[in-house]
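Me: I've just opened this one and would like to talk it through. Can you walk me round it?

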Amino acid sequence: MTKTHPLSKRETSTLYRDLLAWYAEHGRTLPWRARAGEPSDPYRVLVSELMLQQTTVATVTKRFAPFMARFPTLSALAAAPLDDVLHAWQGLGYYRRARGLHACAQTVVERHGGRLPEAPAALEALPSIGPYTAAAVAAIAFDHPVLAVDANVERVLARLFAVETPLPQARAELRRRAAGLTPNERPGDSVQALMDLGASVCRPQRPACTACPLRAHCAAFRLGLADHLPAKAARGARPNRFAVAFYLVRPDGAVLFRRRPPTGLLAGLAELPSTAWTEAPPMATEIAGSAPADCRWEAVPGRVRHVFTHLVLDIELRRGELRGTTPLLEPAPLWCAPQAFDTLALPTLTRKLLAQVAGGA
Ligand code: SF4
């Protein structure tokens with residue numbers, strides 16, 4: 001596991017200098033953001049942060065101005081009937097946030113005289129304000145020195161410090177890294193710059209490292225890990241199952257299939273007869289007992305692996321030929337000539353098996 005050191009004060013200030021130079025040229029123009037050099041309006045920041053939870057920037061960009069036209073101040077929002085607020089929230093979804101915003105505005109009027117408090121802890125005490133929103137509002141609206149870590153910033157941090165622990169387990173470490181990277185100058189711009197960098201340059205897939213102002217500070221770039229971070233936890237291992245399938249050919253060339261039950265996995269589809277899917281490879285007696293005919297069976301070289309969402313199946317194949325006198329053990333047989341295989345509803349697994357037989361023939 002790669003360990004990188006916290007940045008020194010000097011390194012941190014160089015990093016933010018490079019970041020803010022980039023932001024001046026490439027930062028996004030968004031309807032809730034203050035123009036360069038103008039102070040942010042805390043109410044606009046609060047509304048935008050709540051709207052942006054679980055909703056894309058593009059959607060919020062369309063809905064923000066009409067909402068603000070209807071409720072231009074925090075006091076106006078607090079005084080409005082909840083139904084009006086819910087109506088104005090249409091198109092943004094997750095109405096719980098609208099109710100929370102309304103309750104938050106009323107609490108700010110009742111307890112804080114209509115002015116949002118500035119410190120993250122006081123913001124977090126308001127209805128519907130979690131740690132992230134409190135940090136974002138404190139930094140963006142009040143230039144409070146705190147780093148708000150959204151998904152974009154989380155990704156940038158994981159790469160900057162080459163944190164290889166998979167998410168979500170890495171969150172505690174990323175929070176520590178964020179605390180060590182608190183911007184002291186222009187915190188609001190610094191936070192928004194990191195958010196913009198994560199959205200446009202240090203994006204989830206194929207980060208544009210060659211265009212990145214933080215390249216010189218970035219451990220993932222240095223180590224060639226940018227494309228692989230942040231790491232995601234591996235899915236729980238799927239159980240393995242084993243089976244043997246039978247490819248039985250009639251003298252006229254038709255092949256034996258059977259139909260799966262009408263409910264359950266691969267319901268109603270045609271398949272080659274097989275042993276049961278078991279936790280260990282089937283024994284010779286199980287194979288013989290499941291064969292659809294009492295004939296000479298030859299192993300087809302290789303095996304087929306098929307990955308279902310809940311298990312991995314490894315299947316070997318046996319090929320047999322039905323002679324005139326061979327007793328057929330399979331009930332309700334379904335015969336199909338190879339040139340008509342396409343007319344059957346066949347699951348991918350069966351198609352793979354047929355291809356294996358064709359390849360091994
Ligand atoms: S150099 Fe690449 S990985 Fe590192 S912060 Fe920039 S875009 Fe992200």
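Reply: Let's start with H9, where Val 153, Glu 154, Arg 155, Val 156, Leu 157, Ala 158, Arg 159 and Leu 160 are buried. Keep in mind that this is a predicted model.

Me: How many of the residues of H9 are buried, out of how many?

Reply: The count is 8 of 10, with the helix running over residues 151–160, so H9 is largely enclosed by the rest of the structure.

Me: And what covers the buried residues of H9?

Reply: The cover includes helix H10 (171–180), helix H11 (187–200) and helix H12 (219–223).

Me: What happens just after H9?

Reply: Ala 162 sits there with a positive phi of about 45°.

Me: OK, on to the ligand. Which residues come nearest to the ligand?

Reply: There are 15 residues around the ligand, and those that come nearest are Cys 202, Cys 209, Cys 212, Cys 218 and Ala 226. H9 and H12 are the elements that each give two or more residues to that shell.

Me: Which element gives the largest share of the shell?

Reply: That's H9 again, with 3 residues.

Me: Let me ask about Val 201. Where is Val 201 placed?

Reply: Val 201 is in the loop between H11 and H12.

Me: Is Val 201 buried or partly exposed, and why?

Reply: Partly exposed, because Val 201 has 19 other C-beta atoms within 10 Å, and a residue needs 20 or more to be buried.

Me: What does Val 201 touch, leaving out residues up to four places away in sequence?

Reply: On that basis, Val 201 touches Pro 207, Ala 208, Ala 211 and Cys 212. Take Ala 211: it's 10 residues from Val 201 along the chain, and their C-alpha atoms are separated by 7.2 Å. Cys 212, another of those contacts, is also one of the residues that come nearest to the ligand.

Me: Now Gln 106. Which helix is Gln 106 in?

Reply: Gln 106 belongs to helix H6, residues 96–112. It counts as partly exposed because it has 19 C-beta neighbours inside 10 Å.

Me: Let's zoom out. Which domains is the chain divided into?

Reply: Domain 1 covers 9–228 and domain 2 covers 240–360. Their C-alpha centres lie 56 Å apart.

Me: What does the chain span along its principal axes?

Reply: The C-alpha trace spans about 95 × 50 × 30 Å. The radius of gyration is 31 Å, whereas a compact globule of 361 residues would have one near 21 Å.

Me: How many helices and strands are in the chain?

Reply: 14 helices and 6 strands.

Me: What percentage of the residues count as buried?

Reply: 33% of the 361 residues. On contacts, if you take those with a separation of 6 or more, 69% are between residues 24 or more positions apart.

Me: Strands next. Do E1 and E5 pair in the parallel or antiparallel sense?

Reply: Parallel: strand E1 (residues 240–249) pairs with strand E5 (residues 312–321) over 10 bridges. As one of the bridge pairs, Asn 240 partners Val 312 in E5.

Me: And how does E4 run against E5?

Reply: Antiparallel, with 8 bridges joining strand E4 (residues 297–307) to E5.

Me: How many residues does the hairpin joining E4 to E5 go through?

Reply: The hairpin goes through 4 residues.

Me: Last one: what does E2 pair with?

Reply: Strand E2 (residues 255–259) pairs with strand E6 (residues 334–336) in the antiparallel sense over 3 bridges, and Phe 257 stands opposite Leu 334 in E6. E2 also pairs antiparallel with strand E3 (residues 270–271), over 2 bridges. In that pairing, Arg 259 is opposite Ala 270.

Technical notes:
Residues numbered from 1 in each chain as written. Predicted model: local features only at pLDDT ≥ 70, side-chain atom pairs only at ≥ 80, totals over all residues. Buried ≥ 20, exposed ≤ 12 C-beta atoms within 10 Å, placed from the backbone. Contact = placed C-beta atoms within 7 Å. Near = placed C-beta within 6 Å. Domains from an automatic or database assignment. Rg over C-alpha atoms; globule rule 2.2 N^0.38 Å. Pairing = 2+ DSSP bridges.
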